[in-house]
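Subject: Structure handover

Hello,

Here is the structure I said I would pass on. My notes on it follow below.

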Amino acid sequence: MNTARPTATALSRADVERDERERLQLQRMERALVRAWLGAPSAIADADYQCLRYALGLARLHVFRPASGQDDVTVDSAQIAPLRAWLLEHLYDRLRGSATAEEKLVYCLEAVPGLRARCIALRRRLLATHGNDFDAAALDREAGRRALVVVAGGGGGAGYVYAGAFARLMEDNLIPDYIVGNSIGAILGLFRAQRRHGDVNEYLDFARPLKNGDIFSTARRRREFCLPGLLHLHLRALHQRMSTGDLRRPLRLDEMEIPLDLIVAGIRRRPYERLASDVRAPERGADRWLPMWMRVAARFTRLLQFFSADVVEPIVLGRDTDTRAVHAVDAAGFSAAVPTILQYEPGPRAGVTREIFSELMARRELAAIVDGGVADNVPARAAWQGVAAGRAATATRNAYYLAFDCFFPRVDAKNLWLWPITQTVQMQMRINRVYADTMVRFDKTLSPLNIVPGGEALDLAVGWGYRQMDAQIDEVREMLRPVALTGADARAVAS
């Protein structure tokens with residue numbers, strides 16, 4: 001019997017899982033270090049603080065692209081391992097513990113001399129080993145600079161606060177290198193990703209006059225890819241805006257200036273067939289005689305049957321080259337198609353989208369494609385995996401993950417009816433929260449049902465989002481500040 005192959009595969013998988021776990025631990029250590037420094041900046045010299053952050057970035061090295069147009073380089077993990085192990089053993093508990101900011105930094109300061117020597121030695125060894133792959137500038141750039149990755153979660157009309165958050169980031173010229181969005185986060189992410197240096201006011205001028213009929217209608221659509229819903233989410237106004245060229249060709253995901261991945265949920269065919277008949281065909285139920293608002297509320301309670309890994313699986317549109325050819329608005333439409341409430345079907349000009357989704361559904365044995373929120377509402381893990389796959393604009397693997405969440409349990413009378421759904425969604429956050437450096441949870445939002453809010457309510461939401469992002473902006477700026485081995489450290493390295 002030949003048992004060598006299965007054993008090797010198992011060991012390889014274990015090695016990969018351990019590597020990912022350790023890189024996440026180092027990521028959390030850097031976040032804790034930055035927060036401690038913001039709390040007590042005078043407790044440590046800036047050069048020593050930068051040395052600590054550089055060391056954490058150096059220890060996370062695994063794969064990177066030295067320059068645009070070059071191939072990825074896999075760094076010798078055996079050389080990285082000693083520094084990584086030393087950091088985890090000596091600083092992880094101290095940085096992640098309950099000590100004050102000043103106490104954490106004082107302890108780190110004691111570790112700096114030995115850590116500096118380790119960084120200098122490792123840097124020399126890496127440059128000697130990979131001399132034909134990258135130079136010192138490329139190595140320092142990968143270890144000392146973090147790309148901004150924005151993760152925009154779902155939540156219907158509550159998500160319009162994200163526009164204010166994007167505006168605050170743009171005010172400081174903090175440009176995302178990669179955006180991952182879901183549902184309303186997919187739609188707003190689509191606007192932001194279209195141009196690196198876009199104008200939020202331009203987007204708002206487009207959105208203020210929109211009416212319900214510009215976004216959805218009550219007209220029935222033959223089901224092809226999505227589940228039947230109360231409303232047809234046609235996104236006609238977005239289709240008209242998101243097109244290019246003399247023939248007004250629809251923009252594809254791969255034509256965004258900022259790399260953009262959008263999350264949808266695939267409903268598995270066999271589990272779907274076992275769902276109750278009023279879930280699979282709600283239009284035949286007794287609620288069809290009720291007023292629209294009551295029908296929406298009743299169907300929200302049925303959503304709970306879709307929040308199961310046995311029923312749905314998250315699908316990342318844009319991660320592979322095939323789905324990057326999907327029309328961008330079609331991708332966002334599927335991502336926002338709330339099961340049994342909003343139905344999205346591609347229009348007559350979506351031949352490429354239709355072909356891609358037909359193949360996708362057949363290959364994965366799916367009954368339908370719907371709102372990504374039922375599978376992964378704030379997809380921070382998907383963003384982390386995307387960066388590992390080289391999806392950031394510069395293909396860096398050293399990223400800072402800024403996540404937006406507008407859909408969580410709230411203790412107020414207006415939102416109590418959403419409590420079961422928001423509680424279920426938060427169960428997904430146990431995994432995703434680990435991957436986000438900063439999770440901004442927007443306390444003030446519009447109602448999730450306010451999908452087309454109008455100018456006054458939209459401006460209110462933008463203001464709320466701007467102010468809450470402003471409260472986090474110091475941390476965001478600092479996490480993105482480039483660090484290096486400076487002064488005496490640089491001279492030691494050069495020698």
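The largest cavity in this predicted model holds about 160 Å³ of space. In total, the structure has three cavities of 30 Å³ or more. The lining of the largest cavity is made up of 17 residues. Nearest to the centre of that cavity are Arg 23, Arg 60, His 62, Arg 397 and Asn 398. By type, the lining residues of the largest cavity are eight nonpolar, four polar and five charged. Helix α1 (4-39), helix α18 (380-388) and strand β13 (399-405) each give at least two residues to this lining.

Next, the salt bridges. There are 36 of them in the whole structure. Some of them form a network, whose members are Glu 30, Asp 46, Arg 53, Arg 60, Arg 146, Asp 437, Glu 478 and Arg 481. Arg 60 belongs to this network and is also one of the residues nearest the centre of the largest cavity.

- Asp 261 and Arg 391 are joined by a salt bridge with an N to O distance of 2.7 Å. This pair connects distant parts of the chain, 130 residues apart: Asp 261 belongs to strand β9 (residues 260-268), and Arg 391 to the loop between α18 and β13. Both Asp 261 and Arg 391 are buried.
- Arg 195 pairs with Glu 202, and the closest N and O atoms are 2.9 Å apart. Arg 195 has a relative accessibility of 27% and so counts as partly exposed. Glu 202 is likewise partly exposed, at 31%.
- Asp 254 and Arg 252 form a salt bridge at 3.0 Å, N to O. Asp 254 is partly exposed, its relative accessible area being 39%. Arg 252 is also partly exposed, at 27%.

In α9 (residues 200-207), the buried residues include Val 200, Tyr 203, Leu 204 and Phe 206. Because these residues cover an arc of only 155 degrees around the axis, they lie on the same side of α9. What do the buried residues of α9 pack against? Their partners are α7 (161-171), α8 (184-194), α11 (236-241) and α20 (454-480).

One of those partners, α8, is mostly covered, with eleven of its eleven residues buried. Among them are Ile 184, Leu 188, Phe 191, Arg 192 and Gln 194. Glycines are on the list too, namely Gly 185 and Gly 189.

Another partner, α7, contains Arg 168. Is Arg 168 buried or exposed? Arg 168 has a relative accessibility of 6%, under the 20% cut-off, and therefore counts as buried. Apart from its neighbours within four places in sequence, Arg 168 is in contact with Tyr 466, Met 469, Asp 470, Ile 473 and Arg 477.

Two loop residues have a backbone angle to look at. Ser 183 is not a glycine, yet its phi is positive, about 60 degrees. Ser 183 sits in the loop between β4 (178-182) and α8. At a relative accessible area of 7%, Ser 183 is buried. Leu 235, which is not a glycine either, has a positive phi of about 55 degrees. The loop between β6 (231-233) and α11 is where Leu 235 is found. Leu 235 is buried, with a relative accessible area of 1%.

Last, a pair separated in sequence. Thr 129 is in helix α5 (residues 101-129) and is partly exposed, with a relative accessible area of 42%. Thr 129 and Val 75 are 54 residues apart along the chain, and their C-alpha atoms are separated by 9.1 Å.

If you open the file, one place to start is the largest cavity, with Arg 23, Arg 60, His 62, Arg 397 and Asn 398 nearest its centre.

Regards

Methods: Residues numbered from 1 in each chain as written. Predicted model: local features only at pLDDT ≥ 70, side-chain atom pairs only at ≥ 80, totals over all residues. Heavy atoms only, no water. 1 Å grid on protein atoms, 1.4 Å probe; cavity = no way out; pocket = protein on both sides within 12 Å on 5 of 7 lines; lining within 4 Å. Points joined across faces, edges and corners; volume = space filled by probe spheres on them. Helix = DSSP H or I, 4+ residues; strand = E, 2+ residues; numbered from the N terminus. Nonpolar A, V, L, I, M, F, W, Y, C, P; charged D, E, K, R; others polar. Salt bridge = Lys/Arg side-chain N within 4 Å of Asp/Glu carboxyl O. Buried < 20%, exposed > 50% of the residue type's maximum accessible area, 1.4 Å probe, protein only. Arc of directions from axis to C-beta. Contact = heavy atoms within 4.5 Å.
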